[in-house]
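Have the viewer open as you read.

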Amino acid sequence: MESLRGLGYSTASALADIVDNSVSAGAGEVRIEFSWDGTNSRISVLDNGHGMNDGELECAMRLGERSPLDERNSSDLGRFGMGLKTASFSQCRRLTVASVREGSTPSCLRWDLDALAARPDDGWILFEGPAPGSDGFLAPLSGMRSGTLVLWENLDRVVTAGHSADDFSGLIDNVERRLSMVFHRLLQGPRPRLILFLNGRPVVPWNPFMSGHPAKPWDSPIARMITASGAVEVECHVLPHRDRLTSGEYEAGGGPEGWTAQQGFYVYRNKRLLLAGGWLGLGQGRAWNREESHRLARIRLDIPNSVDADWKIDIRKSTARPPVSVRPWLTKLAEDTREKARRVFAFRGSPAPRPGGVPVEQAWRAEYSRSGIRYRIDEKHPAVAAVIDGAGPQLPLVRAMLKVIEETVPVQRIWLDTAENKETPRTGFSGETSENVAAVLRVLFEDMTGRRGMSPALAKKKLSVTEPFQNYPELVAALPE
Ligand SMILES: Nc1ncnc2c1ncn2[C@@H]1O[C@H](COP(=O)(O)OP(=O)(O)O)[C@@H](O)[C@H]1O
Ligand SMILES: [Mg+2]
(Lines give C-alpha, C1' and ligand atoms only; values in the text may rest on other atoms or scores of the structure.)
(Ligands and ions follow the chains in the order given, each with its own letter.)
Protein backbone atom coordinates (compact mmCIF):
# COMPACT_ATOMS: atom_id res chain seq x y z
CA MET A 1 0.00 0.00 0.00
CA GLU A 2 2.94 2.30 0.65
CA SER A 3 4.09 1.68 -2.92
CA LEU A 4 0.75 2.81 -4.28
CA ARG A 5 1.38 6.25 -2.85
CA GLY A 6 3.83 7.16 -5.58
CA LEU A 7 1.63 7.21 -8.65
CA GLY A 8 2.25 10.91 -9.12
CA TYR A 9 -1.05 12.55 -8.30
CA SER A 10 -1.15 16.23 -7.43
CA THR A 11 -3.58 17.28 -4.70
CA ALA A 12 -5.89 18.65 -7.38
CA SER A 13 -5.79 15.54 -9.57
CA ALA A 14 -6.34 13.34 -6.51
CA LEU A 15 -9.38 15.37 -5.51
CA ALA A 16 -10.68 15.27 -9.08
CA ASP A 17 -10.58 11.47 -8.87
CA ILE A 18 -12.64 11.54 -5.68
CA VAL A 19 -15.12 13.95 -7.25
CA ASP A 20 -15.35 11.59 -10.27
CA ASN A 21 -16.68 8.91 -7.95
CA SER A 22 -19.27 11.34 -6.61
CA VAL A 23 -20.38 12.23 -10.14
CA SER A 24 -20.57 8.55 -11.09
CA ALA A 25 -22.74 8.04 -8.01
CA GLY A 26 -25.18 10.60 -9.36
CA ALA A 27 -24.26 13.42 -6.98
CA GLY A 28 -25.51 16.86 -7.96
CA GLU A 29 -23.66 18.58 -5.18
CA VAL A 30 -20.14 18.01 -3.87
CA ARG A 31 -18.54 19.90 -1.00
CA ILE A 32 -14.79 19.90 -0.54
CA GLU A 33 -13.44 21.22 2.75
CA PHE A 34 -9.83 22.05 3.51
CA SER A 35 -9.39 22.42 7.28
CA TRP A 36 -6.09 23.84 8.45
CA ASP A 37 -4.82 22.54 11.80
CA GLY A 38 -1.07 22.17 11.35
CA THR A 39 -0.12 18.50 11.12
CA ASN A 40 -3.70 17.60 12.04
CA SER A 41 -5.07 19.33 8.93
CA ARG A 42 -7.78 17.51 7.00
CA ILE A 43 -9.42 17.45 3.62
CA SER A 44 -12.90 16.04 3.14
CA VAL A 45 -15.26 15.51 0.21
CA LEU A 46 -18.98 15.19 0.86
CA ASP A 47 -21.44 14.26 -1.87
CA ASN A 48 -25.18 13.70 -2.11
CA GLY A 49 -24.93 10.74 -4.50
CA HIS A 50 -26.65 7.40 -4.01
CA GLY A 51 -24.10 6.30 -1.42
CA MET A 52 -23.13 2.76 -0.49
CA ASN A 53 -24.43 0.14 1.89
CA ASP A 54 -22.17 -1.97 4.10
CA GLY A 55 -21.14 -4.50 1.47
CA GLU A 56 -20.67 -1.90 -1.26
CA LEU A 57 -18.47 0.22 0.97
CA GLU A 58 -16.31 -2.77 1.78
CA CYS A 59 -15.84 -3.45 -1.94
CA ALA A 60 -15.11 0.20 -2.58
CA MET A 61 -12.29 0.15 -0.04
CA ARG A 62 -10.62 -2.84 -1.72
CA LEU A 63 -7.98 -2.43 -4.38
CA GLY A 64 -9.08 -3.32 -7.88
CA GLU A 65 -12.36 -4.82 -6.73
CA ARG A 66 -13.66 -4.33 -10.26
CA SER A 67 -11.72 -5.42 -13.33
CA PRO A 68 -10.71 -2.67 -15.74
CA LEU A 69 -11.96 -5.04 -18.46
CA ASP A 70 -15.57 -4.79 -17.20
CA GLU A 71 -17.95 -2.85 -19.37
CA ARG A 72 -19.02 0.33 -17.55
CA ASN A 73 -22.16 2.41 -17.60
CA SER A 74 -21.64 5.14 -20.21
CA SER A 75 -21.70 7.89 -17.57
CA ASP A 76 -19.26 6.14 -15.21
CA LEU A 77 -16.03 8.09 -14.74
CA GLY A 78 -14.17 5.16 -13.12
CA ARG A 79 -12.17 2.34 -14.66
CA PHE A 80 -9.54 0.55 -12.60
CA GLY A 81 -11.29 0.21 -9.24
CA MET A 82 -8.28 1.97 -7.74
CA GLY A 83 -8.91 5.72 -7.70
CA LEU A 84 -10.47 6.08 -4.29
CA LYS A 85 -7.47 4.39 -2.66
CA THR A 86 -4.59 5.49 -4.86
CA ALA A 87 -5.74 9.12 -5.01
CA SER A 88 -6.28 9.24 -1.25
CA PHE A 89 -3.01 7.57 -0.26
CA SER A 90 -1.12 9.88 -2.57
CA GLN A 91 -2.08 12.67 -0.14
CA CYS A 92 -2.76 11.12 3.27
CA ARG A 93 -2.03 8.17 5.53
CA ARG A 94 -5.53 7.78 6.90
CA LEU A 95 -8.57 7.36 4.67
CA THR A 96 -12.01 7.20 6.27
CA VAL A 97 -15.09 6.73 4.13
CA ALA A 98 -18.57 7.03 5.58
CA SER A 99 -21.57 6.41 3.42
CA VAL A 100 -25.30 6.05 3.58
CA ARG A 101 -27.61 4.53 1.01
CA GLU A 102 -31.28 5.39 1.19
CA GLY A 103 -33.08 2.91 3.44
CA SER A 104 -30.00 1.30 4.96
CA THR A 105 -27.94 2.17 8.02
CA PRO A 106 -24.86 4.34 7.56
CA SER A 107 -21.50 2.57 7.47
CA CYS A 108 -17.95 3.74 7.90
CA LEU A 109 -14.63 2.06 7.10
CA ARG A 110 -11.06 3.24 7.44
CA TRP A 111 -7.61 2.48 6.11
CA ASP A 112 -4.82 3.67 8.39
CA LEU A 113 -1.30 3.14 7.08
CA ASP A 114 0.31 3.94 10.44
CA ALA A 115 -1.89 1.43 12.26
CA LEU A 116 -1.10 -1.21 9.63
CA ALA A 117 2.62 -0.55 9.91
CA ALA A 118 2.43 -0.86 13.69
CA ARG A 119 0.90 -4.36 13.46
CA PRO A 120 2.78 -6.08 10.63
CA ASP A 121 1.56 -9.56 11.64
CA ASP A 122 -2.14 -8.79 11.58
CA GLY A 123 -2.57 -8.55 7.83
CA TRP A 124 -4.57 -5.96 5.98
CA ILE A 125 -6.97 -4.65 8.55
CA LEU A 126 -9.78 -2.44 7.42
CA PHE A 127 -10.96 -0.64 10.55
CA GLU A 128 -14.57 0.05 11.27
CA GLY A 129 -15.62 3.59 12.18
CA PRO A 130 -13.61 6.80 12.33
CA ALA A 131 -10.32 7.13 14.17
CA PRO A 132 -10.70 7.91 17.88
CA GLY A 133 -11.38 11.61 18.17
CA SER A 134 -12.42 12.06 14.55
CA ASP A 135 -16.13 11.27 14.95
CA GLY A 136 -17.04 14.93 14.72
CA PHE A 137 -15.57 15.24 11.23
CA LEU A 138 -18.25 12.90 9.90
CA ALA A 139 -21.09 15.03 11.24
CA PRO A 140 -21.93 16.67 7.88
CA LEU A 141 -23.19 13.29 6.61
CA SER A 142 -25.69 12.78 9.41
CA GLY A 143 -29.19 13.79 8.43
CA MET A 144 -28.56 13.12 4.73
CA ARG A 145 -30.81 10.54 3.07
CA SER A 146 -27.96 9.29 0.92
CA GLY A 147 -24.40 10.35 0.29
CA THR A 148 -20.75 9.73 0.93
CA LEU A 149 -18.05 11.47 2.89
CA VAL A 150 -14.38 10.85 2.17
CA LEU A 151 -12.03 12.09 4.86
CA TRP A 152 -8.28 12.43 4.47
CA GLU A 153 -6.26 12.77 7.68
CA ASN A 154 -2.50 12.65 8.36
CA LEU A 155 -1.83 14.63 5.22
CA ASP A 156 1.88 13.83 5.22
CA ARG A 157 2.25 14.56 1.49
CA VAL A 158 0.49 17.91 1.80
CA VAL A 159 1.54 19.33 5.14
CA THR A 160 5.26 18.66 4.85
CA ALA A 161 7.95 20.24 7.05
CA GLY A 162 7.73 24.03 6.87
CA HIS A 163 4.25 24.04 5.30
CA SER A 164 2.31 27.02 6.66
CA ALA A 165 -1.30 28.16 6.72
CA ASP A 166 -0.40 30.42 3.78
CA ASP A 167 0.88 27.48 1.77
CA PHE A 168 -2.35 25.69 2.60
CA SER A 169 -4.47 28.52 1.25
CA GLY A 170 -2.20 28.72 -1.81
CA LEU A 171 -2.96 25.06 -2.36
CA ILE A 172 -6.69 25.73 -2.08
CA ASP A 173 -6.43 28.37 -4.82
CA ASN A 174 -4.51 26.01 -7.05
CA VAL A 175 -7.08 23.25 -6.51
CA GLU A 176 -9.88 25.69 -7.30
CA ARG A 177 -8.30 26.68 -10.64
CA ARG A 178 -7.76 23.04 -11.58
CA LEU A 179 -11.22 21.84 -10.67
CA SER A 180 -12.87 24.77 -12.41
CA MET A 181 -11.10 23.55 -15.55
CA VAL A 182 -11.43 19.77 -15.12
CA PHE A 183 -15.17 19.85 -14.44
CA HIS A 184 -16.17 22.93 -16.44
CA ARG A 185 -18.50 21.01 -18.75
CA LEU A 186 -20.38 19.59 -15.76
CA LEU A 187 -20.40 22.91 -13.89
CA GLN A 188 -21.58 25.17 -16.71
CA GLY A 189 -24.96 25.79 -18.27
CA PRO A 190 -28.31 26.99 -16.99
CA ARG A 191 -28.94 23.62 -15.28
CA PRO A 192 -25.47 22.32 -14.42
CA ARG A 193 -25.12 18.62 -13.72
CA LEU A 194 -22.81 19.37 -10.80
CA ILE A 195 -22.42 22.10 -8.21
CA LEU A 196 -19.05 22.03 -6.53
CA PHE A 197 -18.18 23.93 -3.37
CA LEU A 198 -14.68 24.54 -2.09
CA ASN A 199 -14.72 25.64 1.53
CA GLY A 200 -18.26 26.84 1.01
CA ARG A 201 -17.60 28.86 -2.16
CA PRO A 202 -19.03 27.60 -5.46
CA VAL A 203 -16.37 26.73 -8.03
CA VAL A 204 -16.92 28.80 -11.19
CA PRO A 205 -16.36 26.88 -14.44
CA TRP A 206 -13.46 27.89 -16.70
CA ASN A 207 -14.25 27.40 -20.39
CA PRO A 208 -11.06 26.99 -22.43
CA PHE A 209 -12.79 27.88 -25.71
CA MET A 210 -14.16 31.31 -24.75
CA SER A 211 -17.44 30.12 -26.23
CA GLY A 212 -19.61 33.00 -27.36
CA HIS A 213 -16.87 35.67 -27.28
CA PRO A 214 -17.63 38.11 -30.12
CA ALA A 215 -13.96 38.51 -31.12
CA LYS A 216 -13.39 34.79 -31.66
CA PRO A 217 -11.94 34.51 -35.17
CA TRP A 218 -12.96 30.93 -35.89
CA ASP A 219 -14.39 27.66 -34.73
CA SER A 220 -15.03 24.56 -36.76
CA PRO A 221 -18.16 22.51 -37.18
CA ILE A 222 -18.13 19.34 -35.09
CA ALA A 223 -16.27 16.46 -36.74
CA ARG A 224 -16.97 12.85 -35.78
CA MET A 225 -15.15 9.61 -36.34
CA ILE A 226 -16.63 6.23 -35.53
CA THR A 227 -13.96 3.82 -34.30
CA ALA A 228 -14.39 0.15 -33.39
CA SER A 229 -14.58 1.00 -29.67
CA GLY A 230 -16.72 4.15 -29.86
CA ALA A 231 -17.33 7.54 -31.47
CA VAL A 232 -14.79 10.35 -31.13
CA GLU A 233 -15.81 13.99 -31.57
CA VAL A 234 -13.67 17.03 -32.34
CA GLU A 235 -14.36 20.77 -32.42
CA CYS A 236 -11.52 23.16 -33.29
CA HIS A 237 -11.23 26.70 -31.94
CA VAL A 238 -9.06 29.73 -32.58
CA LEU A 239 -9.19 32.18 -29.69
CA PRO A 240 -9.18 35.98 -30.01
CA HIS A 241 -5.89 37.84 -30.24
CA ARG A 242 -4.76 39.63 -27.11
CA ASP A 243 -5.56 42.99 -28.76
CA ARG A 244 -9.21 42.00 -28.93
CA LEU A 245 -9.49 41.13 -25.24
CA THR A 246 -9.73 43.20 -22.10
CA SER A 247 -6.85 42.64 -19.71
CA GLY A 248 -9.19 40.72 -17.43
CA GLU A 249 -10.30 38.44 -20.26
CA TYR A 250 -6.71 37.92 -21.34
CA GLU A 251 -5.66 37.01 -17.82
CA ALA A 252 -8.56 34.59 -17.36
CA GLY A 253 -8.19 33.10 -20.85
CA GLY A 254 -4.67 31.89 -20.07
CA GLY A 255 -6.08 29.34 -17.64
CA PRO A 256 -4.13 27.70 -14.84
CA GLU A 257 -0.96 27.24 -16.92
CA GLY A 258 -0.90 30.28 -19.20
CA TRP A 259 -1.56 30.75 -22.90
CA THR A 260 1.33 28.84 -24.42
CA ALA A 261 0.97 25.78 -22.19
CA GLN A 262 -2.77 25.67 -22.68
CA GLN A 263 -2.71 25.35 -26.47
CA GLY A 264 -3.65 22.13 -28.19
CA PHE A 265 -6.03 19.31 -27.45
CA TYR A 266 -8.49 19.22 -24.58
CA VAL A 267 -9.39 15.58 -24.16
CA TYR A 268 -12.67 14.90 -22.38
CA ARG A 269 -13.89 11.53 -21.24
CA ASN A 270 -17.62 11.63 -20.49
CA LYS A 271 -17.37 15.45 -20.33
CA ARG A 272 -14.65 15.30 -17.67
CA LEU A 273 -11.37 16.85 -18.79
CA LEU A 274 -8.40 14.46 -18.79
CA LEU A 275 -5.81 16.48 -20.64
CA ALA A 276 -5.59 20.25 -20.95
CA GLY A 277 -3.43 21.20 -23.90
CA GLY A 278 -0.54 19.64 -25.75
CA TRP A 279 -0.46 18.05 -29.16
CA LEU A 280 -0.81 14.36 -28.20
CA GLY A 281 2.48 13.49 -29.85
CA LEU A 282 1.01 14.40 -33.24
CA GLY A 283 2.94 16.26 -35.91
CA GLN A 284 4.34 15.97 -39.37
CA GLY A 285 7.57 14.05 -39.03
CA ARG A 286 8.52 15.40 -35.63
CA ALA A 287 5.97 15.79 -32.82
CA TRP A 288 4.70 19.37 -32.45
CA ASN A 289 5.79 21.37 -29.43
CA ARG A 290 3.76 24.02 -27.69
CA GLU A 291 4.97 27.19 -29.37
CA GLU A 292 4.13 30.81 -28.82
CA SER A 293 2.82 31.21 -32.35
CA HIS A 294 0.16 28.51 -31.97
CA ARG A 295 -1.05 29.51 -28.59
CA LEU A 296 -4.49 30.60 -29.80
CA ALA A 297 -5.33 27.08 -31.01
CA ARG A 298 -7.46 24.90 -28.74
CA ILE A 299 -9.24 21.75 -29.81
CA ARG A 300 -12.01 19.98 -27.96
CA LEU A 301 -11.80 16.21 -28.26
CA ASP A 302 -14.49 14.03 -26.72
CA ILE A 303 -14.06 10.33 -26.09
CA PRO A 304 -16.45 7.87 -24.40
CA ASN A 305 -15.28 5.50 -21.64
CA SER A 306 -15.58 2.55 -24.02
CA VAL A 307 -12.32 3.59 -25.72
CA ASP A 308 -10.23 3.59 -22.51
CA ALA A 309 -8.01 0.66 -23.49
CA ASP A 310 -7.49 1.95 -27.05
CA TRP A 311 -6.53 5.38 -25.76
CA LYS A 312 -4.36 4.00 -22.94
CA ILE A 313 -6.13 5.89 -20.16
CA ASP A 314 -3.99 5.61 -17.01
CA ILE A 315 -5.02 5.19 -13.38
CA ARG A 316 -4.53 8.89 -12.68
CA LYS A 317 -6.67 9.78 -15.72
CA SER A 318 -4.00 12.21 -16.77
CA THR A 319 -2.84 10.71 -20.04
CA ALA A 320 -4.53 9.63 -23.23
CA ARG A 321 -2.87 8.47 -26.44
CA PRO A 322 -4.87 8.51 -29.64
CA PRO A 323 -4.77 5.10 -31.36
CA VAL A 324 -3.12 4.82 -34.78
CA SER A 325 -6.47 4.66 -36.54
CA VAL A 326 -7.43 8.22 -35.60
CA ARG A 327 -4.02 9.91 -35.70
CA PRO A 328 -4.00 10.98 -39.37
CA TRP A 329 -7.50 12.45 -39.01
CA LEU A 330 -6.55 14.36 -35.85
CA THR A 331 -3.28 15.54 -37.40
CA LYS A 332 -5.14 17.04 -40.33
CA LEU A 333 -7.66 18.87 -38.16
CA ALA A 334 -4.91 20.11 -35.85
CA GLU A 335 -2.77 21.29 -38.72
CA ASP A 336 -5.57 23.38 -40.14
CA THR A 337 -6.37 24.88 -36.73
CA ARG A 338 -2.72 25.61 -35.99
CA GLU A 339 -2.30 27.42 -39.28
CA LYS A 340 -5.37 29.57 -38.64
CA ALA A 341 -4.22 30.31 -35.10
CA ARG A 342 -0.75 31.24 -36.28
CA ARG A 343 -2.21 33.75 -38.72
CA VAL A 344 -4.34 35.39 -36.06
CA PHE A 345 -1.34 35.54 -33.73
CA ALA A 346 0.97 37.02 -36.38
CA PHE A 347 -1.52 39.49 -37.84
CA ARG A 348 -3.08 40.59 -34.55
CA GLY A 349 -6.44 39.22 -35.33
CA SER A 350 -6.98 41.10 -38.59
CA PRO A 351 -8.89 38.92 -41.01
CA ALA A 352 -6.72 37.33 -43.70
CA PRO A 353 -8.17 37.58 -47.21
CA ARG A 354 -10.53 34.71 -47.85
CA PRO A 355 -9.67 32.20 -50.53
CA GLY A 356 -11.19 33.53 -53.75
CA GLY A 357 -11.15 37.12 -52.44
CA VAL A 358 -9.03 39.91 -53.91
CA PRO A 359 -5.39 39.47 -52.84
CA VAL A 360 -4.00 42.27 -50.67
CA GLU A 361 -1.23 44.42 -52.21
CA GLN A 362 1.64 43.87 -49.80
CA ALA A 363 4.57 46.11 -48.98
CA TRP A 364 6.88 43.19 -48.21
CA ARG A 365 7.38 39.92 -50.05
CA ALA A 366 9.15 36.86 -48.71
CA GLU A 367 11.42 35.29 -51.33
CA TYR A 368 12.07 31.62 -50.72
CA SER A 369 15.09 30.07 -52.34
CA ARG A 370 17.42 27.16 -51.79
CA SER A 371 19.78 29.37 -49.84
CA GLY A 372 17.05 30.64 -47.49
CA ILE A 373 14.44 33.34 -47.13
CA ARG A 374 14.88 37.01 -48.00
CA TYR A 375 12.48 39.84 -47.40
CA ARG A 376 11.94 42.25 -50.28
CA ILE A 377 10.09 45.52 -50.56
CA ASP A 378 7.42 45.18 -53.23
CA GLU A 379 7.81 48.00 -55.73
CA LYS A 380 4.22 47.58 -56.84
CA HIS A 381 2.94 48.81 -53.48
CA PRO A 382 1.37 52.26 -54.16
CA ALA A 383 3.52 54.03 -51.55
CA VAL A 384 6.70 52.63 -53.11
CA ALA A 385 5.58 52.88 -56.72
CA ALA A 386 4.72 56.57 -56.25
CA VAL A 387 8.28 57.40 -55.20
CA ILE A 388 9.95 55.25 -57.85
CA ASP A 389 7.78 56.73 -60.61
CA GLY A 390 8.42 60.27 -59.51
CA ALA A 391 12.12 59.86 -58.67
CA GLY A 392 13.58 60.97 -62.01
CA PRO A 393 17.35 61.43 -61.64
CA GLN A 394 17.06 60.44 -57.94
CA LEU A 395 16.07 56.89 -58.93
CA PRO A 396 19.46 55.26 -58.20
CA LEU A 397 19.42 56.85 -54.75
CA VAL A 398 15.89 55.62 -54.07
CA ARG A 399 16.81 52.10 -55.22
CA ALA A 400 19.93 52.20 -53.02
CA MET A 401 17.81 53.21 -50.06
CA LEU A 402 15.32 50.37 -50.62
CA LYS A 403 18.16 47.90 -51.00
CA VAL A 404 19.76 49.03 -47.73
CA ILE A 405 16.43 48.68 -45.92
CA GLU A 406 15.88 45.20 -47.36
CA GLU A 407 19.35 44.04 -46.40
CA THR A 408 19.06 45.29 -42.84
CA VAL A 409 15.64 44.06 -41.81
CA PRO A 410 16.20 43.58 -38.05
CA VAL A 411 15.21 39.93 -38.20
CA GLN A 412 17.10 38.77 -35.11
CA ARG A 413 15.85 41.73 -33.12
CA ILE A 414 12.24 41.06 -34.09
CA TRP A 415 12.64 37.39 -33.40
CA LEU A 416 14.14 37.99 -29.96
CA ASP A 417 11.59 40.62 -29.03
CA THR A 418 8.77 38.34 -30.08
CA ALA A 419 10.15 35.49 -28.00
CA GLU A 420 10.85 37.65 -24.95
CA ASN A 421 7.63 39.65 -24.96
CA LYS A 422 5.62 36.66 -26.15
CA GLU A 423 4.03 38.97 -28.66
CA THR A 424 4.75 40.07 -32.22
CA PRO A 425 5.93 43.69 -32.34
CA ARG A 426 3.34 46.22 -33.41
CA THR A 427 2.83 46.77 -37.13
CA GLY A 428 0.04 47.85 -39.43
CA PHE A 429 -0.56 51.04 -37.39
CA SER A 430 -1.88 48.96 -34.51
CA GLY A 431 -2.28 51.19 -31.48
CA GLU A 432 -2.01 54.41 -33.55
CA THR A 433 -4.77 56.98 -33.72
CA SER A 434 -6.97 56.95 -36.80
CA GLU A 435 -5.82 60.54 -37.61
CA ASN A 436 -2.28 59.22 -38.10
CA VAL A 437 -3.49 56.46 -40.38
CA ALA A 438 -5.77 58.83 -42.28
CA ALA A 439 -2.91 61.30 -42.88
CA VAL A 440 -0.79 58.67 -44.64
CA LEU A 441 -3.79 57.34 -46.51
CA ARG A 442 -4.61 60.82 -47.74
CA VAL A 443 -1.11 61.37 -49.21
CA LEU A 444 -1.37 58.17 -51.23
CA PHE A 445 -4.92 58.92 -52.32
CA GLU A 446 -3.88 62.33 -53.62
CA ASP A 447 -0.95 60.82 -55.53
CA MET A 448 -3.24 58.26 -57.13
CA THR A 449 -6.01 60.66 -58.10
CA GLY A 450 -3.62 63.52 -59.03
CA ARG A 451 -0.36 62.41 -60.61
CA ARG A 452 -1.64 59.02 -61.74
CA GLY A 453 -5.01 60.33 -62.86
CA MET A 454 -7.14 57.61 -61.25
CA SER A 455 -10.79 58.19 -60.49
CA PRO A 456 -11.42 58.59 -56.76
CA ALA A 457 -13.59 55.47 -56.84
CA LEU A 458 -10.79 53.40 -58.39
CA ALA A 459 -8.19 54.82 -55.98
CA LYS A 460 -10.40 53.92 -53.04
CA LYS A 461 -10.97 50.45 -54.38
CA LYS A 462 -7.23 49.94 -54.73
CA LEU A 463 -6.43 51.31 -51.29
CA SER A 464 -9.00 49.02 -49.71
CA VAL A 465 -6.84 46.06 -50.76
CA THR A 466 -3.48 47.67 -50.02
CA GLU A 467 -1.50 46.79 -46.93
CA PRO A 468 -2.03 47.94 -44.21
CA PHE A 469 -5.11 49.96 -45.18
CA GLN A 470 -7.23 46.84 -45.84
CA ASN A 471 -7.65 46.84 -42.05
CA TYR A 472 -9.16 50.35 -42.06
CA PRO A 473 -12.15 50.14 -44.43
CA GLU A 474 -13.95 52.99 -42.62
CA LEU A 475 -11.03 55.37 -43.22
CA VAL A 476 -10.82 54.39 -46.89
CA ALA A 477 -14.55 54.90 -47.26
CA ALA A 478 -14.26 58.36 -45.67
CA LEU A 479 -11.94 59.62 -48.45
CA PRO A 480 -13.59 62.17 -50.74
CA GLU A 481 -15.46 60.99 -53.85
N1 LIG B 1 -18.69 8.81 -3.59
C2 LIG B 1 -19.09 7.56 -3.89
N3 LIG B 1 -20.40 7.26 -3.90
C4 LIG B 1 -20.83 6.00 -4.21
N5 LIG B 1 -20.00 4.98 -4.53
C6 LIG B 1 -18.67 5.23 -4.55
C7 LIG B 1 -18.15 6.52 -4.23
N8 LIG B 1 -16.80 6.46 -4.29
C9 LIG B 1 -16.51 5.20 -4.66
N10 LIG B 1 -17.61 4.45 -4.81
C11 LIG B 1 -17.67 3.03 -5.21
O12 LIG B 1 -16.38 2.50 -5.05
C13 LIG B 1 -15.91 1.91 -6.23
C14 LIG B 1 -14.42 2.02 -6.31
O15 LIG B 1 -14.02 3.37 -6.57
P16 LIG B 1 -12.60 3.68 -7.17
O17 LIG B 1 -11.57 3.05 -6.31
O18 LIG B 1 -12.49 5.14 -7.37
O19 LIG B 1 -12.60 2.93 -8.56
P20 LIG B 1 -13.46 3.21 -9.88
O21 LIG B 1 -14.00 4.59 -9.78
O22 LIG B 1 -12.48 3.04 -11.00
O23 LIG B 1 -14.53 2.16 -9.88
C24 LIG B 1 -16.66 2.62 -7.32
O25 LIG B 1 -16.79 1.83 -8.48
C26 LIG B 1 -18.02 2.86 -6.65
O27 LIG B 1 -18.83 1.71 -6.79
MG1 LIG C 1 -13.00 6.30 -9.18
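This is a predicted model: local features need pLDDT of at least 70, side-chain atom pairs count only at pLDDT 80 or more; totals for chains, interfaces and linings use all residues.

Residues are numbered from 1 along each chain as its sequence is written, chains are lettered from A and ligands numbered from 1 in the order in which they are written, and side-chain values use heavy atoms, with hydrogens and water left out.

**Helix H8**

- Helix H8 covers residues 327–346; helices (H or I, at least four residues) and strands (E, at least two) are DSSP runs, numbered from the N terminus.
- The 20 residues of H8 reach 28 Å from first C-alpha to last, close to the 28 Å expected, where the expected span is 1.5 Å times one less than the number of residues.
- Its buried residues are Arg327, Leu330, Thr331, Ala334, Thr337, Arg338, Ala341, Val344 and Phe345; buried means under 20% relative accessible area, exposed over 50%, and partly exposed in between (1.4 Å probe, protein chains only).
- Seen down the axis of H8, these buried residues fall within an arc of 150 degrees, so they line one face of the helix; the arc is that of the directions from the helix axis to the C-beta atoms.
- On the face turned away from the buried side of H8 sit the exposed residues Pro328 and Lys332.
- Strands S9 (218–219), S11 (230–238), S12 (264–269) and S14 (297–303) are what the buried residues of H8 pack against, with contact meaning heavy atoms within 4.5 Å.

- Val398, Leu402 and Glu406 are the buried residues of H10.
- Viewed down the axis of H10, its buried residues lie within an arc of 75 degrees, so they line one face of the helix.
- Exposed Pro396, Leu397 and Val404 are carried on the face of H10 turned away from its buried side.
- The cover over the buried residues of H10 includes strand S15 (364–369), strand S16 (372–377) and helix H9 (382–390).
- H9 and H10 pack at an angle of about 150 degrees, with their axes 8 Å apart; axes are lines fitted to C-alpha atoms, for helices over the stretch in contact, and angles run from 0 to 180 degrees between N-to-C directions.
- H9 and H10 are therefore roughly antiparallel to each other, a label for angles over 145 degrees.
- Val384, Val387 and Ile388 in H9 meet Leu395, Val398, Arg399 and Leu402 in H10.

- Ser180 belongs to helix H5 (residues 165–182) and is buried, with a relative accessible area of 9%.
- The side chain of Ser180 reaches the backbone oxygen of Arg177 at 2.9 Å.
- Beyond its neighbours within four places in sequence, Ser180 is in contact with Leu187, Val203, Val204, Pro205 and Trp206.
- His294 lies in the loop between strand S13 (272–276) and S14, and is buried at a relative accessible area of 8%.
- Leaving aside neighbours within four places in sequence, His294 is in contact with Gln263, Arg338 and Arg342; Arg338 is also one of the buried residues of H8.
- Thr418, in helix H11 (residues 411–421), counts as buried at 15% relative accessibility.
- Not counting residues up to four places away in sequence, Thr418 touches Glu423, Thr424 and Pro425.

Notes: A polar contact is a pair of N or O atoms within 3.5 Å; within protein, one must be able to donate a hydrogen and the other to accept it, and residues adjacent in sequence count only if both atoms are side-chain atoms. Angles under 35 degrees count as roughly parallel, over 145 as roughly antiparallel, 65 to 115 as roughly perpendicular and the rest as oblique.
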